[in-house]
Amino acid sequence: MNREEATELILEAKKEQGLTWKTLARKVGMSDVWTTAALMGQIHMNEEEATKATDALGLGPEVAEALQNYPMRGGLDPLVPTDPLVYRFYEIMQVYGVPMKHLIHEEFGDGIMSAIDLTVGVEREEDPAGDRVKITYSGKFLPYKKW
């Protein structure tokens, strides 16, 4: 079974059982963003995590095995996302990416924020004018090496 087939089965089981990503994350013992990314095929799970996830979903060992394979990451197609919510992240980077790059360089020097050593959070922030989505990224700074 490949990752795409496993993801389809995961989404079907999640819907049939009325589970939320947060519930699945608690059962796996990881964050909701990490667990969702793993179950959507973007991160590989170890055997224990995959077994906890598939047990929670009522899925078999073939799905657990697929979750342990190393994925091909970043499968957005076409290059510019067309889903309105995902497109907004693209739009945010188009508008604020270069300013954030300048601010990071000013604060830390020449380097990058790791996407490997990264945590991501998604929270609801209540607001009288309409609830807000609060997204946080916390990535390790990696300076460019000189040699």
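**Exercise 1. What volume does the second largest pocket have, and which residues lie closest to its centre?**

This is a predicted model, in which local features need pLDDT of at least 70 and side-chain atom pairs count only at pLDDT 80 or more, while totals for chains, interfaces and linings use all residues. Residues are numbered from 1 along each chain as its sequence is written, and side-chain values use heavy atoms, with hydrogens and water left out.

Step 1. The terms. A pocket is an open set of points on a 1 Å grid over the protein atoms alone, where a 1.4 Å probe fits, with protein on both sides within 12 Å along at least five of seven lines; lining residues have an atom within 4 Å of a point. A volume is the space filled by probe spheres set on the points, which are joined across faces, edges and corners.

Step 2. The volume of the second largest pocket is about 180 Å³. Of its 10 lining residues, Arg3, Glu4, Thr7, Met40 and Gly41 are closest to the centre.

Step 3. By class, the lining has 3 nonpolar, 4 polar and 3 charged residues. Here Ala, Val, Leu, Ile, Met, Phe, Trp, Tyr, Cys and Pro count as nonpolar, Asp, Glu, Lys and Arg as charged, and the others, Gly among them, as polar.

**Exercise 2. Describe the lining of the largest pocket.**

Step 1. The largest pocket holds about 2500 Å³ of space. Its lining counts 50 residues, and those closest to the centre are Val33, Phe89, Leu118, Val120 and Tyr137.

Step 2. Two or more lining residues come from each of H3, helix H6 (84-108), strand S1 (111-125) and strand S2 (132-143). Helices (H or I, at least four residues) and strands (E, at least two) are DSSP runs, numbered from the N terminus. H6 contributes the most, 13 residues.

Step 3. The lining divides into 29 nonpolar, 13 polar and 8 charged residues.

**Exercise 3. Which residues of H3 and of H4 are buried?**

Step 1. Buried means under 20% relative accessible area, exposed over 50%, and partly exposed in between (1.4 Å probe, protein chains only).

Step 2. In H3 (residues 32-39), the buried residues are Thr35, Thr36, Ala38 and Leu39. Viewed along the helix axis they fall within an arc of 160°, so they line one face of H3. The arc is that of the directions from the helix axis to the C-beta atoms. An α-helix has 3.6 residues a turn, so residues three or four places apart point the same way.

Step 3. The cover over these H3 residues includes helix H1 (3-17), helix H2 (21-28), helix H4 (47-57) and helix H5 (61-67).

Step 4. In H4, Glu49, Ala50, Ala53, Thr54, Ala56 and Leu57 are buried. Their arc around the axis is only 160°, which puts them on the same side of H4. Glu47 and Asp55, on the other side, are exposed. H1, H2, H3 and H5 are among the elements covering the buried residues of H4.

**Exercise 4. Where is Asp131 placed, and which residues does Asp131 touch?**

Step 1. Asp131 sits in the loop between S1 and S2.

Step 2. With a relative accessible area of 44%, Asp131 is partly exposed.

Step 3. Leaving aside residues up to four places away in sequence, Asp131 touches Arg124, Glu125 and Glu126; contact means heavy atoms within 4.5 Å.
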